[in-house]
Amino acid sequence: MPRTVVCYKWVTAEGDLRVDPATREVDTSRARSKVSDYDRNTIEAARIAAGQLGGELVGLTFGGPGAKGSVKDVLSRGVDRAVHVVADEGVRADGHVTARVLAAQIGALADVGLVLCTEGASDTYAHETGPRLGQVLGWPVVTNVRELRVEDGRLHAVRDLGAEAETVECDLPAVVTVVPEVAPAPIPGLKAIMAGGRKPSEQVAVGDLGLPADALTARTQVPSFLGYVAERRHVRIDEGEPAERVAALVAGLSQDGVL
């Protein structure tokens with residue numbers, strides 16, 4: 001039976017980031033790493049879809065050696081096997097590199113019928129891995145999916161278009177990108193965590209995938225990375241009757257373009 005592959009990312013915990021208010025430099029020295037919160041929901045959606053498709057569910061990530069720490073968490077969430085493609089030192093993964101590496105590993109797995117990715121990365125906010133991956137594989141891509149099911153070898157999905165929803169179908173294999181609302185992720189219990197520790201996992205050196213140098217050369221550069229610091233005016237309106245203070249607040253907000 002065809003496999004289902006769920007792609008996920010090992011990211012810096014947003015709550016641990018610190019921003020210097022003077023320089024706006026981002027301090028990650030004390031930040032933990034974790035499986036992206038968005039990707040946890042995608043893993044749950046993939047678990048359900050794999051049950052419908054009937055085959056193995058493989059968790060797939062690409063990153064530095066530190067991403068090995070993600071494996072136990074992912075396996076405790078219903079993934080049958082985890083694969084970590086380890087980036088060489090100095091390799092910077094943009095959307096181009098990530099898609100080429102993931103596609104190569106998916107090809108090495110063989111008999112993959114469905115690939116799920118999160119619509120956007122929680123750290124870079126990019127929305128490109130899924131479409132790029134589909135282009136490399138030559139498979140149809142269905143984006144912004146909030147509901148999906150697999151039936152008789154076909155994908156049935158509902159796409160979130162903001163105020164509207166679109167229902168689509170396509171044959172497998174296919175790449176699907178899902179929004180976080182697709183399937184809220186449960187917290188793994190002790191039994192699931194212990195079972196995850198016994199499941200198989202492997203690390204694959206990116207050099208073993210046989211990719212050309214162009215596939216591992218980033219197409220984009222990040223010239224700077226600065227945090228956002230809100231500038232607050234600290235205006236107090238404490239004179240006059242309540243109605244007068246409300247009127248002054250509304251006038252001030254209107255003058256600043258907020259209202």
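**View 1. Strands β8 and β12 sit side by side.** In this predicted model, β8 pairs with strand β12 (residues 174-178) in the parallel sense, over 5 bridges. Look for L116: its bridge partner in β12 is V176. On another pairing, 4 bridges join β8 to strand β1 (residues 3-7), and these two strands also run parallel. Here V5 stands opposite V115 of β8. How many of the residues of β8 (residues 112-118) are buried? The count is 7 of 7, so this strand is mostly covered.

**View 2. The whole sheet, strand by strand.** Stepping back, you can follow an open sheet of 9 strands in the order β11-β10-β9-β12-β8-β1-β6-β7-β13, with mixed pairing. The edge strands are β11 (164-171) and β13 (201-205), each pairing on one side only. From one strand to the next, the twist averages 30 degrees.

View 3. Strand β7 (residues 81-86) pairs with β13 in the parallel sense over 5 bridges. V86 has A205 as its bridge partner in β13. Helix α3 (residues 95-109) lies across β1, β6, β7, β8 and β13. The direction of α3 makes about 145 degrees with that of β6.

View 4. Helix α1 (residues 37-53) has 17 residues and reaches 25 Å from its first C-alpha to its last, close to the expected 24 Å. Which residues of α1 are buried? They are D39, N41, T42, I43, E44, A45, A46, A49, A50 and L53.

**View 5. Around L116, in the largest nonpolar core.** This core has 29 residues, and L116 and L148 touch the most other members. Elements giving two or more residues to this core are α1, α2 (71-75), β8, β9, β10 (154-161) and β12. The largest share, 6 residues, comes from α1. Leaving out residues up to four places away in sequence, L116 touches T4, V5, V6, C7, T42, A45, A46, L148, V176 and V178. Apart from this core lies another, of 25 residues, among them V5, V97, V112 and V204.

How values were computed
Residues numbered from 1 in each chain as written. Predicted model: local features only at pLDDT ≥ 70, side-chain atom pairs only at ≥ 80, totals over all residues. Heavy atoms only, no water. Buried < 20%, exposed > 50% of the residue type's maximum accessible area, 1.4 Å probe, protein only. Pairing = 2+ DSSP bridges. Expected span 1.5 Å × (residues − 1). Axes fitted to C-alpha atoms, helices over the stretch in contact; angles between N-to-C directions. Contact = heavy atoms within 4.5 Å. Core = buried A, V, L, I, M, F, W, Y, C linked by side-chain atoms within 4.5 Å.
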